[in-house]
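Subject: Two-chain model, handover and findings

Hello,

Here is the model for you to look over. My notes follow below it.

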Amino acid sequence: MHKRNRWFVTIALVYGLLGGLVALVHLSAPGLIPGNVARMHGHIMLLGFILMMIYGVALHVLPRFSGNALHSERMANWQLYLANAGLPLMIAGWLTLLNWLVLLGGAIAYSAIVLFGVNMLFTVKPHGPWR
Amino acid sequence: MKVELLVSEWCASCHQSEKIWREVAEEKDIEFAVLDMGQPEGRALVSRLRLKTIPALVIDGELKGIGVQTFAEARAWVAGASARQKAGMQHAGLALSPDNRLFILGAMVYLMLGGLGLVINGALLSGPARPVALHLVTVGFMLMLVYGLGAHMLPRFTGNPILMGVWPWIQMGLVHAGLLAYSAGFLVGVYPVVIAGGALIWLSLLVFTVRIWPVLWPKPRNNGMAIQVHIQPGA
């Protein structure tokens, strides 16, 4: 398994534990974590845990299942950097209640989603006549 | 000693062969990998050794056997390897293990329970029942699916063993107890029970992380090299 994909899965696990911890602290001591905590928890779990896990596993299996090499390794590397730059900015935005920071982080996280989508489209698309 | 077993999903005798070699791999300190001939790593081996029949057994890069070996034959071939320290680590097989099968079954049950909200009011409920319906889908379905599929697939993708023994069952008990306590606590409005449930769910994720970590990042072996089982361009 490519080191980058192992990083995706590892980071997913770390975000899963972090997101759970945020919820537990918020339930036990409301107000201890400032900002929009419910939204932060939801996005850490969905963008940080579930989506990063899907990134890591899909980048490994979809090229194999489709019988093609991954369209672009460089796009997948940038996807890792952007996904992990965007989400921390979104978290910082929710902590400080700065909407422009959430928007900036969201745009960066979205660019990672687009890179993944385009990379997979070119990897999975059928080559030659349909079979 | 590096033992590679070349198999395919559609080959019935391959499952039998893999079962035998997995048991031997639990006894002996060998680097064991199951390679699917439908995947690039398996195809590379087929091409290099010009193999025409599976299951095929390759030891230290040389073709040693074709077909299903008996336990005695398999043990004789790796007699030179030292006995494996009992660490509760196991290599993943082609078929789902009982714990992973139960995780996936549980995920489906929680999905149907959580989705009930859609039938009741066209959304995932409202009021105190909303976080319950949401978490039945996200924790009950998504997390349990990650548990079942992750513990099955990641050891196969990396070729590294996963921590088994009582650990998957502890993880399963924690997530079920946690989700039930979380849901019941919210429905009756007893928040210490909600927090306790959340803590149990979090602990189940911690157990899963501890089990998956050595699958992703194995400890270096005695010769200072990490086990590199799969040959992959760009890896």
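First, the ground rules. This is a predicted model, in which local features need pLDDT of at least 70, side-chain atom pairs count only at pLDDT 80 or more, and totals for chains, interfaces and linings use all residues. Residues are numbered from 1 along each chain as its sequence is written, chains are lettered from A and ligands numbered from 1 in the order in which they are written, and side-chain values use heavy atoms, with hydrogens and water left out.

**The interface**

Chain B gives 27 residues to the contact and chain A gives 24. Contact means heavy atoms within 4.5 Å. Together the two chains bury about 2500 Å², with 76% of it on carbon and sulfur atoms. Buried area is the accessible area (1.4 Å probe) that two parts lose on being put together, summed over both. On the chain B side, F157(B), W202(B) and W217(B) lose the most area to chain A. Those three account for 25% of what that side buries.

Polar contacts do occur: four residue pairs between chain B and chain A, both residues at pLDDT 80 or more. A polar contact is a pair of N or O atoms within 3.5 Å; within protein, one must be able to donate a hydrogen and the other to accept it, and residues adjacent in sequence count only if both atoms are side-chain atoms.

Which helices of chain B each supply at least two residues of the side that touches chain A? They are α2 (40–49), α5 (129–158) and α7 (191–216). The largest share, twelve residues, comes from α7(B). Helices (H or I, at least four residues) and strands (E, at least two) are DSSP runs, numbered from the N terminus. By class, this side of chain B has 19 nonpolar, seven polar and one charged residues. Ala, Val, Leu, Ile, Met, Phe, Trp, Tyr, Cys and Pro count as nonpolar; Asp, Glu, Lys and Arg count as charged; the others, Gly among them, count as polar.

**Chain A**

Chain A has four helices and zero strands. Its C-alpha atoms fill a box of roughly 60 × 25 × 25 Å, taken along the principal axes. An unreviewed UniProt entry lists residues 7–29, 41–63, 75–95 and 101–122 of chain A as "transmembrane region". UniProt positions are in the numbering used here, feature names are shortened, and annotations may be inferred rather than shown by experiment. In the model, residues 7–29 of chain A are 96% helix, and their end C-alpha atoms lie 32 Å apart. Residues 41–63 of chain A are 100% helix.

The whole structure holds two salt bridges over all chains. One of them joins the side chains of E73(A) and R4(A), at 2.9 Å, N to O. The pair links distant parts of the chain, 69 residues apart: E73(A) is in helix α3 (residues 73–96) and R4(A) in helix α1 (residues 3–28).

**Chain B**

An automatic or database domain assignment divides chain B into domain 1 (2–71) and domain 2 (98–216). Their centres, taken over C-alpha atoms, are 34 Å apart. For chain B, the unreviewed UniProt entry lists 102–126, 132–150, 162–184 and 190–213 as "transmembrane region". Residues 162–184 of chain B are 78% helix and 9% strand.

Two backbone details are worth a look. Most residues other than glycine have a negative phi, and most peptide bonds are trans. A cis peptide bond joins I54(B) and P55(B), with omega about -5°. R50(B) has a positive phi, near 55°. R50(B) lies in the loop between α2 and β3 of chain B, and P55(B) is found in the loop between α2 and β3 (56–59).

Best wishes

How values were computed
A salt bridge is a side-chain nitrogen of Lys or Arg within 4 Å of a carboxyl oxygen of Asp or Glu.
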